[in-house]
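Here are some notes to read with the model open beside you. Take the points in any order you like after the opening one.

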Amino acid sequence: MKQTISIREYDFLHTKNEKEKNCISPKNFEAIENFILTNEQAIPYMKITTKKGYGKVLQAQNHVGVLQTKDGTTIEILPKIQEVDISKSKEILIKMLKTVKKSPFKHFNMAHLKSSNIPLLEIFITIFLDELSELIKKGIKSDYLTKEENLAYLKGKLNIKEQIAKNGIHKERFFVAYDEYVSDRVENRLIKTTLHYLYKKSKLNSNKKRIREYLFVFDEVGVCHNVKTDFSKVKLGRQMKDYEQILVWAKTFLLGSSYGPHKGNDLALALLFDMNVLFESYVGHYLIKKGHDVSLQDKQHHLAFSNQRGIYALRPDIVIDKDRIIADTKWKILSQEKTRQGVSGSDLYQMYAYGTKYGNCERMYLIYPKDKELDIKSYHYHKEGGLPLEILFFDLQNPNNFSIITT
């Protein structure tokens, strides 16, 4: 079996010594480097840098997920969470992914995550197969498909034009068009194509066995030859509601639509997720669960106006209780920030803009991941003590310890 390497945010990959951890082959190093260079203008997934004793290295940034090279080597990048081991980090990551809008992870039962040794990619494949299992239990959809054939008997409608053109000297044949109720529809073809794709990617025997079983269900279904075109043909009306989640997964695998679009064919697979987005979503949904009146990514105000048109939209992560409270999440460890008192000036300026534009704002929060080494700080934007800003820390291991003051 090809190796699976687990690293955390800001860890690095190298080619120096294969006996050391996080070492990959020069060929795989080059493939990932090319992937980074191809995508760095859009999203800096990783950083190409140097490290003493190792030379050139590839350093993970704040994107987590899975990279797989063409020889099957898998790199899983996990969140850097204080005092958390690999298995717990995977569990927290899945919980965060479940909260993201239009996430394919929404219905995953965390009780299924039994083994800490399961690679992250296999967990993703397992979730997909669990979703597909539920769809198969309900029954895959069939549809009427119009077929045109030259038959020895009359069936459906006779196509006069083709009959004259093709059967002028074959009076015994009939060129007909008829409807047949079949399961070979575009949605099923996309699912079958995903199963074939994952069978090549999976290394876990239990997953490969399930894929073979499900392929039998889709035996009469064809495969896609142009995935992007076929996704454009999908129609998810009320009758196809059961397909919605499984097709989100199919798109995630087949098109790499993982909240961070990428391009290039240097890697076999790249499923990467921005931790800033995950942290914002997780905290926001936690506050909603606690009963707060929350608006996520509010868009009602702009920083400035030109010819009465708003420019530079202000989008605070979290607005609570009809503009009274504004919060922004920041996925960074304050004790490691090389700025005065940890909080950057850009973060403070950003919150000031929110506080002045939201006229009803009474209280503001900057929310960072838990950091034991830094005391909670508070600020005021006015010397007299008005417009308070508090720094809060969200414990991803024990989120129930988190609370905000709303009165």
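1. Let's begin on helix α6, where Asn 207, Lys 208, Arg 210, Ile 211, Tyr 214 and Leu 215 are buried; buried means under 20% relative accessible area, exposed over 50%, and partly exposed in between, with a 1.4 Å probe and protein chains only. These residues sit on the same side of α6, because they cover an arc of only 160° around the axis, the arc being that of the directions from the helix axis to the C-beta atoms. Turn to the other side of α6 and you find Asn 205 and Phe 216 exposed. The cover over the buried residues of α6 includes α3 (120–138) and α5 (186–201).

2. A word on where this comes from: the model is predicted, with local features needing pLDDT of at least 70 and side-chain atom pairs counting only at pLDDT 80 or more, while totals for chains, interfaces and linings use all residues. Residues are numbered from 1 along each chain as its sequence is written, and side-chain values use heavy atoms, leaving out hydrogens and water.

3. Now the overall picture. The protein has ten helices and 18 strands; these are DSSP runs numbered from the N terminus, helices being H or I with at least four residues and strands E with at least two. Of its 407 residues, 47% count as buried.

4. What does Gln 245 touch, beyond its neighbours within four places in sequence? Ser 103, Pro 104, Phe 105, Lys 106, His 107 and Glu 131 are in contact with Gln 245, contact meaning heavy atoms within 4.5 Å. Gln 245 belongs to helix α8 (residues 244–255) and is buried, at 13% relative accessible area.

5. On to charges. Side chains of opposite charge can pair when their charged atoms come close. The whole structure holds 18 salt bridges, each a side-chain nitrogen of Lys or Arg within 4 Å of a carboxyl oxygen of Asp or Glu. Take Glu 76 and Lys 90, whose closest N and O atoms are 3.1 Å apart. Glu 76 is in strand β6 (residues 74–78) and Lys 90 in helix α2 (residues 86–97), so their pairing ties together parts 14 residues apart in sequence. Glu 76 is buried at 1% relative accessibility, and Lys 90 is buried at 5%.

6. Another salt bridge joins Asp 395 to Lys 370, with the closest N and O atoms 3.7 Å apart. Here the pair links distant parts of the chain, 25 residues apart: Asp 395 is in the segment after β18, and Lys 370 in the loop between β16 and β17 (378–380). Asp 395 is buried, with a relative accessible area of 12%, whereas Lys 370 is partly exposed at 32%. Elsewhere, salt bridges with shared partners join Asp 328, Lys 330, Lys 332 and Asp 347 into one network.
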